[in-house]
Amino acid sequence: MWLARIDAKIEAVRQRHKEIEQGRAPRPPRPEWTVELGIGAGRPPVQIHAGDCHAAGKRRRPVDRDEARRLLADGLRACTHCRPETRLNVIDLSRGPVPAP
């Protein structure tokens, strides 16, 4: 009875140490840019984010710098929190004519 408890405790400690070592394993680097994807068929892109943006949703995929710039130039909306258009030096993202005052 006691021997079974001691063996179970030793196994639990070994398992915990194994999990700790796995947690220390290097993780893949965070992407520089991400595109947030919509819901539904085809999951169209919705918004561009910097890789470290806290406002990015759960449905996203990494993109490289050139694709992020192309998507912004094609009219995809930029995140208002991380401002990727500023970081990417995309100057003119006009959405059409500006209404007169």
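Arg83 sits in the loop between strand E4 (77-78) and helix H3 (84-87). Helices (H or I, at least four residues) and strands (E, at least two) are DSSP runs, numbered from the N terminus. This is a predicted model: local features need pLDDT of at least 70, side-chain atom pairs count only at pLDDT 80 or more, and totals for chains, interfaces and linings use all residues. Residues are numbered from 1 along each chain as its sequence is written, and side-chain values use heavy atoms, leaving out hydrogens and water.

**Arg83**
- Arg83 counts as partly exposed because its relative accessibility is 40%; buried means under 20% relative accessible area, exposed over 50%, partly exposed in between (1.4 Å probe, protein chains only).
- Between Arg83 and Val46 there are 15 Å in space, C-alpha to C-alpha, and the two are 37 residues apart in sequence.

**Gln47**
- Strand E2 (residues 45-50) contains Gln47.
- Gln47 has 12% relative accessibility, so this residue counts as buried.
- The side chains of Gln47 and His49 form a polar contact of 3.3 Å (a pair of N or O atoms within 3.5 Å; within protein, one must be able to donate a hydrogen and the other to accept it, and residues adjacent in sequence count only if both atoms are side-chain atoms).

**Nonpolar core**
- The largest nonpolar core has 16 residues; such a core is a set of buried Ala, Val, Leu, Ile, Met, Phe, Trp, Tyr and Cys residues joined through side-chain atoms within 4.5 Å.
- Strand E1 (33-37), E2 and helix H2 (65-73) each supply at least two residues of this core.
- Trp33, Val35, Ile48, Ala68, Leu72 and Leu88 have the most contacts inside this core.
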